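Here is a short briefing to read alongside the model. Take a moment to look at where the chains meet and at the spaces left inside.

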Amino acid sequence: MNKFIVEVEQAYVVFDSHQALIDINVQIPQNSFVAIVGPNGAGKSTFIKSLLGLVNLTSGTIKIDGRSPQEVSPGDIGYIPQVKTMDRTFPALAIELVITGLDYRWPWKRSHPNIDRAYEALQRVGAEHLANRQISKLSGGELQRVCLARTIAREPKLVMLDEPATGIDAIGETDMYNMLESYQTSSCATILMITHDWHAATHHADYVLLLNRKQISFGPPAEALSEDNLRLAFGHIGHSHRLKFLVK
Amino acid sequence: MQRALIAGVLVGFLASYYGVFVVQRGLSFLGSGLAHAAFGGVALGLLLNSEPLWIAVPFTTIIAIAIFWVKKRTNLGSDTAIGIFFSISMALGIIFLFLKTDYSSDAFTYLFGSIIAVTRTDIWSTVVITLITIIFIPLWKRWAYVSFDRELAETDHLPVDRDDYLLAILIAITIVVAIKVVGIVLIAAFLVIPAATARLVSSTFRQMTILSVIIGIFSALIGLIASYYLDVPSGATIILFQAILFFLGMLLKSLRFIIG
Ligand SMILES: Nc1ncnc2c1ncn2[C@@H]1O[C@H](COP(=O)(O)OP(=O)(O)O)[C@@H](O)[C@H]1O
Ligand SMILES: [Mg+2]
């Protein structure tokens, strides 16, 4: 077993001429809870997508559990995209969405070999009553829960969430952190979560990665989110936004 | 008439089956784009005095691949990519037809569809593509997953690009074989309306698929029979019948909404 579940070395991502990530170097220990914090456009989603193999690095290396993102088994990785980017018009029941987490395919029938495991996963997040509801009729928080069930159903070693707190209320948010933490403890998994909210990061995370295209800091929350670092991350982008505005 | 009914039922099945992916991925414009690409292929076939089908199938398939390729390699949206190839092939088609002096009657057959013009070759090619579609039915699970969320499917290591190209090619061929029955002008509707109607009243993607196929086959049959007895063009009759079903579906949905 590797001590570090995620190892990133000198990672750069360039889109056309835009440098989205510049020289990222992090080693994330197993069974830790990591918050990724930074302003809009800081490259947070790009960072997660490069760990998922959805975005290729322009240079540098990423190892997940010692392997490249393309080689790692999908069963070891759980990804919860931003709920607002999901297609709610797709005619689907919550339980079908959960089954995709086990099957890696859309289920044709509900009487599926994985159906029991899917119900069990919904139970673990307190959402079995949502199983036969259409996803178009779920609230943001409910859909988030169903996605969480979809993810933990496969018992991944690494769970990545993109702004999971967006679009759900405060109670839903607290519930979600509790469920994530209980999954982390029961399965020794590592959680990587993007958030705007550095208070939440301080509360729940063991480590914080503060990003603004460059890596501002990585470490325990109190260090990583020092006032200087926050100013560096959030002050700078305000400045460049103003500049962009003037140019336009 | 018998030949027309066979062609109608098979084409009704194909269009309404692939239509669910077209509608759910927001690719309605793809149907019209590829139909116009097919026009370029048909016109070239007419110009060369060969069976238009043999030219239109590869022509339209290449355009379909090109559309997906451009979309993937650039940051243009699919509507832009479709628009570009749509106009190129339409322009080519117009020039081909212009070069062929005795075009009028044939071209109309393709533009508006003519069930009497359905040949043995048309039937056989429709049968072949139907068989291929049935063989590929297990792919429904992957196409459906990608239609729901491309990123999730990609993180689960599905071959999403390869699946997309295959889907595009099969849709392109479906469009070409549907031309005689519905006509180039109305093919996009034929792809979209059954699936859109099914979506109105379905709570799962499986239900939507089954219902769409039933609507596709049923409306092709009724439309063909009606057009035969009323002596009006078959494609237009089928589409109007489908449109009636669509509005009935809307009505049903809003009634359900009002009642409870
Ligand atoms: N596929 C892409 N092509 C081009 N530019 C992209 C792409 N994805 C992201 N970007 C750009 O990279 C920057 C970082 O984006 P993102 O990672 O989504 O930021 P964040 O999630 O921190 O808000 C943004 O300026 C965005 O416009
Ligand atoms: Mg983001």
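How do the residues of the lining of the second largest cavity divide into nonpolar, polar and charged? Five are nonpolar, two are polar and none is charged. Please keep in mind that this is a predicted model.

**The second largest cavity**
- This cavity holds about 50 Å³ of space.
- Its lining is made up of A:Leu52, A:Pro69, A:Val72, A:Pro74, A:Ile77, B:Thr155 and B:His157.

**Where chain A meets chain B**
- Chain A brings 30 residues to the contact and chain B brings 25 residues.
- Between them the two chains bury about 2600 Å², with 63% of it on carbon and sulfur atoms.
- On the chain A side, A:Pro91, A:Trp106 and A:Trp108 lose the most area to chain B, together 29% of what that side buries.
- Three salt bridges are found across the interface, and A:Arg154 and B:Asp156 meet in a salt bridge through their side chains (2.9 Å, N to O).
- Eleven residue pairs are in polar contact across the interface.
- Helix H1 (44-52) and helix H2 (94-103) of chain A each supply at least two residues of the side that touches chain B, and H2(A) gives the most, with three residues.
- That side of chain A has 18 nonpolar, four polar and eight charged residues.

**The largest cavity**
- The structure holds five cavities of 30 Å³ or more, and the largest has a volume of about 120 Å³.
- Of its 16 lining residues, B:Leu53, B:Asp122, B:Val176, B:Val177 and B:Lys180 lie nearest the centre.
- H9(B) gives the largest share of this lining, five residues.
- Sorted by class, the lining has twelve nonpolar, one polar and three charged residues.

How values were computed. Residues numbered from 1 in each chain as written. Chains lettered and ligands numbered in written order. Predicted model: local features only at pLDDT ≥ 70, side-chain atom pairs only at ≥ 80, totals over all residues. Heavy atoms only, no water. Contact = heavy atoms within 4.5 Å. Buried area = accessible area lost by both parts, 1.4 Å probe. Salt bridge = Lys/Arg side-chain N within 4 Å of Asp/Glu carboxyl O. Polar contact = N/O pair within 3.5 Å; in protein donor to acceptor, adjacent residues only side chain to side chain. Helix = DSSP H or I, 4+ residues; strand = E, 2+ residues; numbered from the N terminus. Nonpolar A, V, L, I, M, F, W, Y, C, P; charged D, E, K, R; others polar. 1 Å grid on protein atoms, 1.4 Å probe; cavity = no way out; pocket = protein on both sides within 12 Å on 5 of 7 lines; lining within 4 Å. Points joined across faces, edges and corners; volume = space filled by probe spheres on them.
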